[in-house]
Amino acid sequence: MKSSFTVVFSPWALLSAIIILYLFISAITFNQIEEDAYIYFRIAANLADGYGYVFNPGDEKIEAGSSFIYQCILAIAYPFTRDITIFAKVLGISFACLALLLSYMVTRVFIKNPYLACMPPLLLLGSAPFYCWAQRGLETSLFLSVVLLCFWFCITPKLRRWWYLPALLLVLSRPEGIFLVLAMTPVAFMQREDDTWYKGILYFSAGFLFIEIVRFNYFYDLVPHAFYIKMRGSIDNGWSAFSSYFYRTGIWIIVLASLPAFFIKHVWQRQFVFLLTFLMVTVLWAFMGEDQKPHNRSLISALPFIYIFAAKGFDTYSHFLGKFKWVVAIPLLAVFTWQTFCSPSAKRFTKETPNPIQRHWQAIQNTELGLLDYWTAINAHQTTNTTAIRLANDLRDPLDINYQALVGKFIADNYPKGITIVYDQMGQTPWFAGRDKRFIDSFGLLNKSIGHMLFNERAEHKPILSLYKSGYDALTNLHSLDIDMSWNKKKAVDHIFDQQPELIIINNFVARNPSSIAASLGSDTRLSDRYRHALNINNFVIVYERIDLPSKSNYIHSHLLSINNIATKIHH
């Protein structure tokens, strides 16, 4: 009986149960996608079809996605997948399972009790940033897996000499990987007597230099272009999001409760210093990298280290409790239950997002389908009209039927191939509109000159960004590259009108910002002189048609789109 009990309730059995629970939660919350993922998909399709690393065939080469490795995986897989969206989601879930496994293996270095070591992966799987963003089509779970792999190499003596291998993967996974590599400097100091560490520094430096040389010669850039749009150089919004998440989920309780344990001297061993270093760097990046996406995605890299830190404190307490050491798991399980099934997820655009599991489960019930039938229908993109309407109302970013995807389908149904379209949303809309249409990104994410212009404006007030800009400018001047990164807003708007696009589409949310290109386009007299205000889509997206295009009286559109033909001009 004792042997049977041990097998059934072994730590690996518990870890397997954790992964199964994660897969179940992923199945419930499967109907979500991040529209930026379709930028990856479109570039992957162009790479697979031989057009190169471009968004529009024939346009400039641009590293629009943040992860070179992830982009390459999608490009390789694209010819062999029937549905790149589903493939990307399953890929993300697979990397998330790897992250759970790695988080357990890392925790075992700090916590000898194998059962208590299951607490950090359990807390991680119940975190909305983790289980949502792992399957939203981006590189998030890939990057987290590489972060944990890199940390594992650092704290494992037999692997430490090879630390530079995951470190190179790290910088290819996301641009902030270089900051995490710098977090290994305590390892360099503590291992200075080991010649293999210095060899590792040499190998990493050579590899990183090679990556930057290739990137600069191919893209004329030092970092993925998304850096210029998303890097803010400020921690104000990040701190607000971080503290709000800690408060809502109850994580602050277990972190605060664990702190007294670290006044015990024997806790401060070499590996613990590594943990604190990675924790501080990932938390700092969470502050700096915060954006307005749902579910606090900037926190994801920090969460495993926060949970390991807290669990280590409770493990220290357990040594004083004798046969009652199991009691320390109770507050950890309580926080897991609350944050997983009850806690609101995030604040997005100042609005609190309901718990994702509750919201998706309610959406499933509202479709009047069983879980298996619902999941099958979503994967086959065969939701009925009634189901689609309910999902559009219940969920924020459902697959295929959110407003960005529907705008793209509307363009595909109503406008010819080969036209040029200006828009400020470059994810789902261009994908569903078709690769036979050329898109100009007025937001700057897929236009180098506009992106650098917006970055330069921020760099004037942010010392960190200004430092990068000075280095980049010096490098381009040194190589005498014919790159004009001195655009101002007027020049950007002039460039867009000079392209004579057939359609100019403006997202009202973006245009609310008076400093945006979208707002400048909307107030420019050339818009009213050369274009007619054709449509409002869902009272949110405004479509302008060039006046020489044939005027339409009827448009093909989905019943989910509210189309209003407007005869009068918009007042800005």
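Reply: A salt bridge is counted here when a side-chain nitrogen of Lys or Arg lies within 4 Å of a carboxyl oxygen of Asp or Glu. This is a predicted model, in which local features need pLDDT of at least 70 and side-chain atom pairs count only at pLDDT 80 or more, while totals for chains, interfaces and linings use all residues. Residues are numbered from 1 along each chain as its sequence is written, and side-chain values use heavy atoms, with hydrogens and water left out.

The structure holds 15 salt bridges. One of them joins D548 to R546, with their closest N and O atoms 2.7 Å apart. To describe the surroundings of such a pair, we call a residue buried when its relative accessible area is under 20%, exposed when it is over 50%, and partly exposed in between, using a 1.4 Å probe and protein chains only. D548, at 53% relative accessibility, counts as exposed, whereas R546 has a relative accessible area of 18% and is buried.

A second pair is E34 and R136, whose closest N and O atoms are 3.0 Å apart. The helices named here (H or I, at least four residues), like the strands (E, at least two), are DSSP runs numbered from the N terminus. E34 is buried, at 2% relative accessibility, and R136 is buried too, with a relative accessible area of 1%.

E63 and R215 form another salt bridge, the closest N and O atoms being 2.8 Å apart. Because E63 sits in the loop between α3 and α4 while R215 belongs to helix α12 (residues 195–219), the pair ties together parts 152 residues apart in sequence. Both E63 and R215 are buried. Elsewhere, K490, D494, D524 and R526 are linked in a network of salt bridges.

Ten of its twelve residues are buried, so α3 is largely enclosed by the rest of the structure. Among these buried residues are Y38, F41 and R42, and the buried residues of α3 pack against α4 (68–77), α5 (84–110), α23 (428–433) and β4 (438–441), where contact means heavy atoms within 4.5 Å. After α3 comes G50, whose phi is positive, near 90°.
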